Amino acid sequence: MRRYKTLIAIASSLIAAMIVIIPRAEAAPAGYGPIVKLWSWNWNSVARECTDVLGPAGYGAVQVSPPNDSMSRGGAVWWDIYQPARYTLTSKFGTEAQFRAMVDACHAAGVKVHADAVINHMTGQGATSYGGYSFSKYDYPGLYSAADFHTPCVINGSDYTNDAWRVQNCELVSLSDLNTGSEYVRDQIAGYLNRLTALGVDGFRIDGAKHINPADLAAIKARLTGSPYIHQEVIYGAGEPIQPSQYTGIGDVHEFVYGRKMKEQFTGQIRWLSTFGASWGLSVPSDKAVTFIDNHDTERNGSTLNYKYGDTYLLANVFLLSWPYGLPRVFSGFTWSDSEAGPPHNGSGFVTDTDCGNGQWTCFHRQMSGMVGFYRAVEGTSVGNWWDNGDNVIAFSRGSQGWVSINNSGSALSRTFTTGLPAGTYSNVAGTGTVTVAGDGTASVNVPAKSAVAIRVGTTATPSPTPTGSNTATIYYGTSWTTANIHYQPSGGSWTAVPGVAMDETACTGWKKKTINLAAATSLKAAFNNGSGTWDNNGGNDYTIGAGVSRVSGGTVTAGNPCESNGSVSATFSATATTAWGQNVFLVGNLGALGAWNPANAIPLSATAYPVWSATLTLPASTAVEYKYLKKNSDGTVTWESGANRTFTTPSGSTVTRTDTWR
């Protein structure tokens with residue numbers, strides 16, 4: 001649970017000794033790993049993912065969002081699901097029947113299900129739930145009344161270091177704090193959790209456990225049926241009176257220090273990871289720790305890496321799944337620019353089905369599918385054959401079962417490594433290609449910049465064949481964005497990680513360019529974005545682009561290079577003001593360099609020669625052009641010029657001038 005609006009940043013900087021000590025492998029809970037957290041996915045989408053991806057990849061469990069009814073903000077924010085209204089199973093992720101079907105589908109795929117359990121509090125605001133239930137802060141008809149809550153008091157920032165009682169008995173950011181010392185409250189909470197267990201739920205992530213007295217949690221646990229796996233959110237703070245170790249008798253604990261240390265190292269020098277383990281100041285032992293690079297809180301508060309770090313984030317997750325500490329959990333959520341915003345939803349706030357190709361969901365766990373098999377193959381083995389280049393490239397083996405090299409630098413590295421594996425040719429489960437190990441256990445390997453190579457024995461799934469062929473697609477994208485990324489999927493292949501790859505090759509004004517190796521594929525699907533949350537996915541249909549040279553603009557794909565000197569013209573647009581416009585003036589049209597009819601991407605005009613506003617753009621020669629002028633007003637609205645769209649055809653020559661008057 002995020003400390004909503006008043007997150008306390010806790011940092012520790014305990015650095016391990018410089019002596020290289022290989023830590024022993026410590027056992028994680030058998031049969032549960034790795035976990036994948038599909039945060040804010042609806043139940044239908046989780047069910048499909050269990051069947052199509054999680055089961056085949058070997059994920060041991062999926063952690064889903066809170067299934068109970070909650071205060072509704074109509075989908076506008078993500079945190080309303082952490083403000084329960086009642087314990088019925090109608091949420092913005094689906095109905096009870098859909099939840100039950102999801103659990104059954106995941107079990108059929110061999111994947112356990114963990115539910116996020118919010119039991120420290122009820123709501124702090126709102127009056128209506130997603131299920132249409134009416135309530136107030138201390139009155140939940142048929143469930144709780146004012147007598148079931150602690151006497152209202154609000155946790156202050158200083159309480160975390162000075163007053164454990166207040167942290168566990170006062171209100172977290174004004175959320176109504178349940179009196180978990182009450183027998184009645186304990187019975188209600190346990191009844192809710194037992195109902196989930198009866199539906200097949202295998203474990204619980206206890207939200208905000210730090211704010212519940214361990215004795216109260218133990219009393220609730222004693223009421224549970226079966227033996228659900230419990231892992232608890234207890235955020236470590238140096239010198240605080242409440243420590244994660246106080247909760248290990250109840251269940252495993254989320255190791256928040258782990259993610260902080262990974263950010264330090266992967267934005268610094270990863271060579272120091274040779275000693276990574278308990279000596280680094282981790283808050284609980286390996287056999288009690290659930291480890292992660294980020295979660296839904298830390299990806300937003302900046303304490304850890306997140307998907308926006310691109311390859312650096314991916315490499316940190318490769319380390320997570322290859323190094324022996326704790327039970328790893330991989331995180332997949334939705335893309336965001338506003339850290340408060342909720343996941344994609346319909347008009348009523350109910351979360352829509354996940355689409356891993358539309359740029360709105362990270363679907364990062366899919367990129368870790370190969371490393372999930374690696375984790376399972378090497379579980380229980382020790383680290384050996386450590387090597388580093390004194391900077392940002394490391395390599396190590398896990399017994400005789402697996403070997404990995406992580407290159408967090410900007411340059412490729414080639415050398416002969418000692419892998420410790422039997423002779424043979426192995427697929428790179430962290431990427432593409434193969435590695436051949438000689439009889440003495442060595443292998444000559446090229447590790448590309450910002451990439452990883454991982455090989456393992458005992459493969460239980462057939463690796464995808466390495467594509468052959470030499471097809472390429474050179475794509476020009478017309479846009480006014482300062483930067484542009486292309487998020488793509490070759491035919492028969494997988495989507496790139498969100499936000500895709502930078503279109504950073506040299507092009508002409510108004511165009512971005514990227515050449516993509518398609519190997520044996522003959523086409524790709526693509527969407528484009530500016531790296532800050534603005535997407536062009538062709539109205540949700542994505543673009544289909546073939547091999548060869550193509551240009552994408554105005555929602556269409558055509559062949560050819562718009563920047564060739566014999567295929568483009570320099571077009572100057574000049575519009576004279578008939579009144580005092582007094583606002584910024586822009587140009588939009590049906591070609592990418594004209595803004596593609598999107599006011600958000602429109603081309604700004606210069607008022608240097610006011611009252612004439614002008615701009616010069618490069619446009620394709622001999623092409624029909626449609627355009628119009630608009631003003632962006634100070635209140636955020638847009639005023640279009642009146643009349644029909646302006647049209648002309650660019651000549652075959654090198655220049656053209658359009659002289660207009662605002663209508």
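Me: In this predicted model, how are helices H5 and H6 oriented to each other?

Reply: Two packed helices are described by the angle between their axes and the distance between the axes. The axes of H5 (residues 183-198) and H6 (residues 214-222) cross at roughly 55° and come within 9 Å. Angles of 65 to 115 degrees count as roughly perpendicular and those under 35 degrees as roughly parallel, and this crossing therefore falls in the remaining class. The orientation of H5 and H6 is accordingly oblique.

Me: Is the crossing of H5 and H6 left-handed or right-handed?

Reply: The handedness describes the way in which H5 passes H6. For this pair, the crossing is right-handed.

Me: How many nonpolar residues does the contact of H5 with H6 have?

Reply: On the side of H5, the contact is made by Arg 186, Ile 189, Ala 190 and Leu 193, which meet Ala 215, Asp 216, Ala 219 and Ile 220 of H6. By class, two residues in this contact are charged, none is polar, and the number of nonpolar residues is six.

Me: Which strands stand at the edges of the open sheet of four strands?

Reply: The order of strands in this sheet is E20-E17-E24-E25, and the pairing is mixed. From one strand to the next, the twist averages 25°. An edge strand has a single partner, so one of its sides is left without a neighbour in the sheet. The strands in this position are E20 (511-519) and E25 (556-559).

Me: Which residue in E20 is the bridge partner of Ala 473?

Reply: Strands of a sheet pair through backbone hydrogen bonds, either parallel or antiparallel. Strand E17 (residues 471-478) and E20 pair in the antiparallel sense, over eight bridges. Within E20, the partner of Ala 473 is Ile 516.

Me: Is Ser 40 buried or exposed?

Reply: Ser 40 lies in the loop between strand E1 (35-38) and helix H1 (43-57). Its phi is near 70°, a positive value in a residue other than glycine. A residue counts as buried under 20% relative accessible area. The relative accessible area of Ser 40 is 1%, and Ser 40 is therefore buried.

Me: How many of the six residues of strand E16 are buried?

Reply: Strand E16 (residues 451-456) is largely enclosed by the rest of the structure. Six bridges join strand E11 (residues 402-407) to E16, and the two run antiparallel. In one of these bridges, Trp 403 has Ile 455 of E16 as its partner. Of the six residues of E16, the number buried is five.

Terms used
Residues numbered from 1 in each chain as written. Predicted model: local features only at pLDDT ≥ 70, side-chain atom pairs only at ≥ 80, totals over all residues. Heavy atoms only, no water. Axes fitted to C-alpha atoms, helices over the stretch in contact; angles between N-to-C directions. Parallel < 35°, antiparallel > 145°, perpendicular 65-115°, else oblique. Left-handed = near helix turned anticlockwise from the far one by under 90°. Contact = heavy atoms within 4.5 Å. Nonpolar A, V, L, I, M, F, W, Y, C, P; charged D, E, K, R; others polar. Pairing = 2+ DSSP bridges. Buried < 20%, exposed > 50% of the residue type's maximum accessible area, 1.4 Å probe, protein only.
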